[in-house]
Amino acid sequence: DADMQKLAEDVLYYRSSMVVVDCDNGEILALASHPNYNLNDFIPSISQEKFTKLLEDENNPLFGRAFQAGYPPASTFKLPIAIAALKEGTITPNSRFDCPGRLKVGAYYKNNWHRSGEGRLTMQQAIKRSCNTWFYTVGQRVGAEPLIREARNFGFGQPTNIPLDESPGLLPTNAWMMEN
């Protein structure tokens, strides 16, 4: 989608990326990475001077951040957590868990986006409000293996098979964690 592609490229800044996907069919509508470069410089071929400049640029414009970089899954991981919890019988759609402003997970504190917390929420409310701490709580109760299994069902950690040199990501299983 040329208009969406232009918009994606126009709104990005510093070292960032954006992928816009049609949620009905998985089609990629726009894929942008910043900083970028002028593709026309490669037609019919790029000069050695321009190519060297791109290679030596500290912002690494030749690195496709949208498909080669690794990022934490953030809120996209909330649905696999919810589905795994339902399948495992850890929760029902009406189970309520607290959504505090922050939660201690191991040695770290994890924050909710709403600092004062939001009280006890059902799964539907937690998804609607995007309550981070609710999903940390439920994720801990479900355990790693069901979460990894469900995340794979959602396509996490797998290549998308777009015709680019993409990095598929990592789903750290218990075995991987022990080994690494």
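Student: Which residues in α7 are buried?

Tutor: In α7 the buried residues are Pro146, Leu147, Ile148, Glu150 and Ala151, where buried means under 20% relative accessible area, exposed over 50% and partly exposed in between, with a 1.4 Å probe and protein chains only. Helices such as this one are DSSP runs (H or I, at least four residues), numbered from the N terminus, as are strands (E, at least two). This is a predicted model, in which local features need pLDDT of at least 70 and side-chain atom pairs count only at pLDDT 80 or more, while totals for chains, interfaces and linings use all residues. Residues are numbered from 1 along each chain as its sequence is written, and side-chain values use heavy atoms, with hydrogens and water left out.

Student: What do the buried residues of α7 pack against?

Tutor: They pack against α4 and α6, with contact meaning heavy atoms within 4.5 Å.

Student: What makes α4 oblique to α6?

Tutor: The axes of α4 and α6 (residues 132-142) come within 9 Å and cross at roughly 40 degrees; these axes are lines fitted to C-alpha atoms, for helices over the stretch in contact, and angles run from 0 to 180 degrees between N-to-C directions. Angles under 35 degrees count as roughly parallel, over 145 as roughly antiparallel, 65 to 115 as roughly perpendicular and the rest as oblique, and therefore α4 is oblique to α6.

Student: Which residues of α4 and α6 meet?

Tutor: Among them are Ile81, Ala82 and Ala85 in α4, and Phe135, Val138 and Gly139 in α6.

Student: Why is the pair of Trp134 and Phe135 called edge-to-face?

Tutor: Rings of Phe, Tyr and Trp (its six-membered ring) pair if their centres lie within 6.5 Å, and planes under 30 degrees apart count as stacked, over 60 as edge-to-face and the rest as tilted. The ring centres of Trp134 and Phe135 are 4.8 Å apart and their planes lie at 65 degrees, so this pair is edge-to-face. Both Trp134 and Phe135 are buried.

Student: How many aromatic pairs are found in the whole structure?

Tutor: A search finds five, and one of them is the edge-to-face pair of Phe77 and Phe156, at 5.3 Å centre to centre with 75 degrees between the planes. This pair links distant parts of the chain, 79 residues apart.

Student: Why does Phe77 count as buried?

Tutor: Phe77 has 16% relative accessibility, so Phe77 counts as buried, and Phe156, at 19%, counts as buried too.
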